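Here's a quick walk through one model, starting at the ligand and ending at the contact between the domains. Have the structure open as you read.

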Amino acid sequence: MKKKANTDVLRFVRPNILNLRPYEAKEIPCGVKLDANESPYPEKLSARTLKSIETNRYPDPQAEALRKAYAQKNLPAKIRGIEWLLHGNGSDELIFNLVCVFGGPVIYPVPTFSMYGKIAAALGQRVVEVPLQSGFDIDDSALLSAAKKQKGGIIFLSSPNNPTGNSFSAQKILRVIEESGCVVVVDEAYQPFSARKSFMSCLGKYPNLAILRTLSKVGLAALRVGFLIAEPGLVAQVNKVRLPFNVNSFSQAIAVDSISRASGLRKHIRGIVSERKRLHRELSGIKGVTAYPSDANFILFKVPDPERVYKEALRNGVLIRNLCEAVEGCLRVTVGSGKENEKFIRAIKRTLE
Ligand code: PMP
């Protein structure tokens, strides 16, 4: 009798993938969505822009108009050429491309954005996690000794950091760029909400520095548009692994439109920063709550019974993020509109007071 072939698909899966857990991005029904660091303000869509899109044609593979518009409005004058800029389907895709090109070990502080580790694992690269110091700043000496021990690789520094909300010390970041011998990616996803200086001004001086930016936090998350900004030589290498047509025509056109009318985006950012101050003050005034300082569009806070606070907020229609696995006793709330923040504060007070 013929032996039946073993068709169990798990046999064929690479071991590093078998152990992976998918990124948790569940759609949980709620009235007020404050879990994903999105902007509460949608951008207006222009009918003329939508009409200009030819649905039968592929998007511009080089996204030239998009890169030009972004460079014009966001890059320092000395690096305004689009050869300093690469477009991604969100900055997630660029993280994937960076690890694909430079390989591991992938070094990052923890807690931080979980995709650095997930992408490294998906690509079969070794990961080195270096705990943040108390106060959530990076331990530059520990990062440097990890880099030296591993001989090269890539370091990701999210500053401001997700989920802690603080910016890392600029001097420590500079030391890591100067002394690590690695490609250092400063992920500035939340920089638009920070009063600190961007690392963009260091480009041109450090060929191993790469900066990530995204439109997802400033009202355009639906588009999936992110940017890598680095020396043209580094950009050219990462461009080799970029999939063709990675940013679709709708996203390119709508993003160009919004970026060109940057005043709308800036107004919303100012609104979120001022709401953040109010939200921080109110949260800090609630008994039992420790709200950590934030340079981003979210606030990390500690409560005595986080599971209960999370569930009660949801029962009251407010979805926040439970971060207990990453930071003990902590929850994270995105800064929403004034009304959304009030609903959130009411829900927390109802549970804790
Ligand atoms: N970097 C950080 C630090 C983030 O928090 C996020 C989103 N949560 C990203 C990158 C990914 O952003 P995008 O939507 O552009 O993929």
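Start at the ligand: one of its oxygen atoms is 2.5 Å from an N or O atom in the side chain of Thr-214. Before going further, note that this is a predicted model, in which local features need pLDDT of at least 70, side-chain atom pairs count only at pLDDT 80 or more, and totals for chains, interfaces and linings use all residues. Residues are numbered from 1 along each chain as its sequence is written, and side-chain values use heavy atoms, with hydrogens and water left out.

The ligand is surrounded by 14 residues, the closest being Ser-91, Asp-187, Thr-214, Ser-216 and Arg-224; a residue counts here if one of its heavy atoms lies within 4 Å of the ligand. Here are some distances to ligand oxygen atoms:

| Residue | Part with the N or O atom | Distance to a ligand oxygen |
|---|---|---|
| Asp-92 | backbone | 3.0 Å |
| Tyr-190 | side chain | 2.7 Å |
| Thr-214 | side chain | 2.5 Å |

Asp-92 also forms a salt bridge with Arg-224, with the closest N and O atoms 3.5 Å apart. A salt bridge here is a side-chain nitrogen of Lys or Arg within 4 Å of a carboxyl oxygen of Asp or Glu. Asp-92 sits in helix α4 (residues 90–102) and Arg-224 in the loop between β7 (209–214) and β8 (226–230), so the pair ties together parts 132 residues apart in sequence. Helices (H or I, at least four residues) and strands (E, at least two) are DSSP runs, numbered from the N terminus. The structure holds 15 salt bridges.

Now for the domains. The protein chain is split into domain 1 (9–38 + 263–352) and domain 2 (53–260), with bounds from an automatic or database domain assignment. Their contact (heavy atoms within 4.5 Å) takes 27 residues from domain 1 and 28 residues from domain 2.

About 2,100 Å² is buried between domain 1 and domain 2, and carbon and sulfur atoms give 63% of that. Buried area is the accessible area (1.4 Å probe) that two parts lose on being put together, summed over both. Tyr-23, Leu-265 and Asp-295 supply 29% of what domain 1 buries against domain 2, more than any other three residues.

How many salt bridges are there between domain 1 and domain 2? The count is zero.

Definitions and conventions:
Polar contact = N/O pair within 3.5 Å; in protein donor to acceptor, adjacent residues only side chain to side chain.
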